[in-house]
Amino acid sequence: MSDRSIETMAIRRLGRPGDLGWVVMAHGEIYAAEFGWDTDFEALVARIVADYAADNDPAREAAWIAELDGRRVGCVFCVAADETTAQLRILLVDPAARGHRLGARLVDECIAFARRARYERMKLWTNHPLVAARTIYLSRGFRQVEQEQHHSFGADLIGQVFELDLRVAVPMADEASAEGVR
């Protein structure tokens, strides 16, 4: 393993050639390897990415790529669910880049953007195996508002909806994870 003190980390806006395709490919490969999810999940991610690429309002929607030593290793999208609600979508950190707090930094960037865009709340949908992501969401003040069993992506899952009131400032459990994000 390399010395983390010399690795360079960056969070940047999505927009370079290859970013969109990387998001789809990385989700398909990582979720298949870690959870056995089939190509239905990759297709869902492709639809989310295509919808964003075809019709996003830059004042109200954004996406970010995390890089480690110049290599794409993570992403998150913030899209409009409705006039007052932002939706955090497709958070991902490559297993080889975990432990750098990039997931937390991506979520912090997404929340900060949603507040600047004057959304009142943020929501997200996730599934029960995604424990690390859920830990980040809970530490940022999200609360679970729904849960439902379903069979998707070739697996039996428990889908969970979380919401965050953006009008209330919630201190982060780990303030250091947000350094350099804004």
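Predicted model: local features only at pLDDT ≥ 70, side-chain atom pairs only at ≥ 80, totals over all residues.
Trainee: How many bridges join strand 2 to strand 3?

Mentor: Strand 2 and strand 3 form a hairpin with 2 residues between them, and Asp-69 in the turn has a positive phi of about 50 degrees. Within this pairing, Ala-62 stands opposite Cys-78 in strand 3. The two strands run antiparallel, and the number of bridges joining them is 7.

Trainee: In strand 4, which residue is the bridge partner of Ala-80?

Mentor: Strand 3 and strand 4 (residues 85-93) run antiparallel, joined by 6 bridges. They form a hairpin with 4 residues between them. The partner of Ala-80 in strand 4 is Ala-86.

Trainee: How many of the 10 residues of strand 3 are buried?

Mentor: Strand 3 covers residues 71-80 and is mostly covered. The number of buried residues in strand 3 is 7.

Trainee: How far apart are the end C-alpha atoms of helix 3?

Mentor: Helix 3 has 15 residues, and at 1.5 Å a residue they should span 21 Å. The model agrees with this expectation, because the distance between the end C-alpha atoms is 21 Å.

Trainee: Which residues have the most contacts inside the largest nonpolar core?

Mentor: The largest nonpolar core has 56 residues. Helix 3 (residues 102-116) gives the most to this core, with 8 residues, and 13 of the 15 residues of helix 3 are buried. Leaving aside neighbours within four places in sequence, Val-23 is in contact with residues including Leu-14, Val-45, Phe-77 and Ile-90. The residues with the most contacts inside the core are Val-23, Leu-88 and Met-122.

Trainee: Is Tyr-31 buried or exposed?

Mentor: Tyr-31 lies in helix 1 (residues 19-35), as does Phe-35, 4 residues apart or about one turn of the helix. Phe-35 has a relative accessible area of 29%, so Phe-35 is partly exposed. Tyr-31 has a relative accessibility of 8%, and the limit for burial is under 20%. Tyr-31 therefore counts as buried.

Trainee: What is the centre to centre distance of the tilted pair of Tyr-31 and Phe-41?

Mentor: Tyr-31 is in helix 1 and Phe-41 in helix 2, 10 residues apart. Phe-41 is buried, with a relative accessible area of 8%. The planes of the two rings are 40 degrees apart, and the centre to centre distance is 4.5 Å.

Trainee: How far apart in space are Gly-154 and Phe-35, C-alpha to C-alpha?

Mentor: Gly-154 lies in the loop between strand 6 and strand 7. Gly-154 counts as partly exposed because its relative accessibility is 48%. In sequence Gly-154 and Phe-35 are 119 residues apart, while in space their C-alpha distance is 9.7 Å.

Key
Residues numbered from 1 in each chain as written. Heavy atoms only, no water. Core = buried A, V, L, I, M, F, W, Y, C linked by side-chain atoms within 4.5 Å. Buried < 20%, exposed > 50% of the residue type's maximum accessible area, 1.4 Å probe, protein only. Contact = heavy atoms within 4.5 Å. Pairing = 2+ DSSP bridges. Expected span 1.5 Å × (residues − 1). Phe/Tyr/Trp six-rings, centres within 6.5 Å; stacked < 30°, edge-to-face > 60°.
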